[in-house]
Amino acid sequence: MLDRLATRLATAALRLPAPRTRRVTVTRDIPVRVRDGVTLRTDHYTPDLPGAPTVLIRTPYGRGGPVRLLGRLAAERGFHVVIQSCRGTYGSGGEFAPLVHERDDGLDTVDWLRRQRWWSGAFGMFGASYQGFVQWAVAAEAADELKAMVAVVTASGTRDSTYAGESFALDTVLTWAELLQAQTVPWLARQWELKRGQPRLTAALAHLPLAEADRIATGVTVPFFQEWLRHHTPDADYWRSRVFGDRIAEVRAPVAMISGWHDIFLPAQLDDYAALRAAGAHPRLTVGPWTHGSPGLFVAALRDGLDWLDEHLAGRAGPRTAPVRVHVGGAGGGWRDLPDWPPPAASSRWHLHAGGALAPAPPAPSAPDRIWYDPADPTPSLGGPLLVAQRAGAVDNRPVEARPDVLTYTSASLDAPVEVVGPVRAEIQVRSELSYLDVFVRLCDVDRRGRSWNVCDGLVRVAPGRFPTGPRGVARVPVTLWPTAHRFAPGHRLRVQVSGGAHPRYARNPGTGEPLGTAVTLRAGWREILHDPEHPSAIVLPLLDVGPQSSPSSI
């Protein structure tokens, strides 16, 4: 009764089409046996409609809560919905080891679907975050029976997101490890921990060596956390069987992608979009003003995802025709429909200048700016792409910009709007007394009140030999920032931050070259940011001329 009421309210609130049936039968805890004998617990939502296709959702986060609502909503739309707990989670047998068993378990589950009397011969997949990884794990081998995928804030590979810029996404990985472990403790104990502000996690994020951080955060050693600390180099064999992007060109199912400008997987998801387009596919892309856990993301995923399943599984065309829809942030932005991503844009270099200025004009001869980075007091991260929505997104950056270890370069007040839509990158000329360092670059929008709102950012880890140095010891460090769509309004200013880190979003660089998991020695040092004609530092922005190729829209 409560489930039916919840779906009625959700249908009205989300402005979904009327359900095709209200008669849905739910069978819970079905044992699905996979090839190695492990049993995976599975729920089945059965609509009272003959010949209905199937939607498969595999998840390590349980079969209740939002996914239960999704199951009933999709069943009322005319789909068999199968929700399965990944091995080692919520009653399923075996041990949960991220990304290890998802290909085999997923394909075995598809084989189980084929043997059911209600099987129609077609299915789709739906899910966010890890629920999307499991889709990519089977997508290339699911044959023509896979008719649609809805991939929400996810990607075919997690390696590059885990080691963005060849650093380590400490906050995301350790927070995820803590969330997974929290699923195994009683509900009341978990609520008490949340009420206290997760002090164990806070202490763990600040702890060295990192190899002990999982025990501080969770009370136990987390095998995958230890493995990810050990296998962090780009050539590590460990990741070869745990990423699925090498077979994207073989995927035949139409894919809908939904993400947010402050999502942890956004760059990797847009790489998947580009790979599908290069293979001749026509995915749908939606990117909104969301973080990984934004409520607005959940709403958009339900509406867009169910429409996509309607169109490609049930043959009911939805209202949307534009292949790409993005939200342009800032004053005067809003939703835009585009024919592709990224849209045509003019590449514009905004140079760092002496005195903290930022302008398109080439730099004049000037002395470099110096900052002292001390990993014992690491430059903190503030907002941006994080796993936990409450700490993520756009925030006022003035507290971190006031620190002596952060340089800022700010433009003059804008006379006309500047619209930045597409990939963003920076080229920073650095000289350092240490061979091991990080370069963090962030683009901000400074409003008329002086508040500095982060738009996008990126970090690169520098090690000997990675970026060659010139005769004066200067290295040109390319930094890839998160892509963005943002409108800087008249009267606002552009600002670029340059610093030596963003902790605990990224693990601090100890400055010694010690291994990631065991480093304990911290070495501070000076670094110089150059901005003269021989060593121009700049941020490179894709400036969009809003014209026929983009039009206002709504979502």
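Gln-429 is part of strand β15, which spans residues 418-432. In this predicted model, Gln-429 has a relative accessible area of 8% and is therefore buried, the cut-off for that class being under 20%. Apart from neighbours within four places in sequence, the residues in contact with Gln-429 are Val-474, Ala-475 and Arg-476, together with Glu-528, Ile-529 and Leu-530, and also His-535, Pro-536 and Ser-537.

Burial also marks helix α2. Of the eleven residues in α2 (residues 66-76), eight are buried, so the helix is largely enclosed by the rest of the structure. Those buried residues are Val-67, Leu-70, Gly-71, Arg-72, Leu-73, Ala-74, Ala-75 and Glu-76. Just after α2, Gly-78 adopts a positive phi of about 110°.

A further topic is the packing of two helices, α6 and α10. Their axes come within 10 Å and cross at roughly 165°. Because angles over 145 degrees count as roughly antiparallel, α6 and α10 are roughly antiparallel to each other. The crossing of α6 past α10 is right-handed. The residues that meet in this contact are set out below.

| Helix | Residue range | Residues in the contact |
|---|---|---|
| α6 | residues 170-182 | Val-173, Leu-174, Trp-176, Ala-177 and Leu-180 |
| α10 | residues 223-230 | Phe-224, Phe-225 and Trp-228 |

The residues of the contact of α6 with α10 comprise eight nonpolar, no polar and no charged. An α-helix has 3.6 residues a turn, so residues three or four places apart point the same way.

Conventions: Residues are numbered from 1 along each chain as its sequence is written. This is a predicted model: local features need pLDDT of at least 70, side-chain atom pairs count only at pLDDT 80 or more; totals for chains, interfaces and linings use all residues. Side-chain values use heavy atoms; hydrogens and water are left out. Buried means under 20% relative accessible area, exposed over 50%, partly exposed in between (1.4 Å probe, protein chains only). Helices (H or I, at least four residues) and strands (E, at least two) are DSSP runs, numbered from the N terminus. Axes are lines fitted to C-alpha atoms, for helices over the stretch in contact, and angles run from 0 to 180 degrees between N-to-C directions. Angles under 35 degrees count as roughly parallel, over 145 as roughly antiparallel, 65 to 115 as roughly perpendicular and the rest as oblique. A crossing is left-handed if the near helix is turned anticlockwise from the far one by less than a right angle, and right-handed if clockwise. Contact means heavy atoms within 4.5 Å. Ala, Val, Leu, Ile, Met, Phe, Trp, Tyr, Cys and Pro count as nonpolar, Asp, Glu, Lys and Arg as charged, and the others, Gly among them, as polar.
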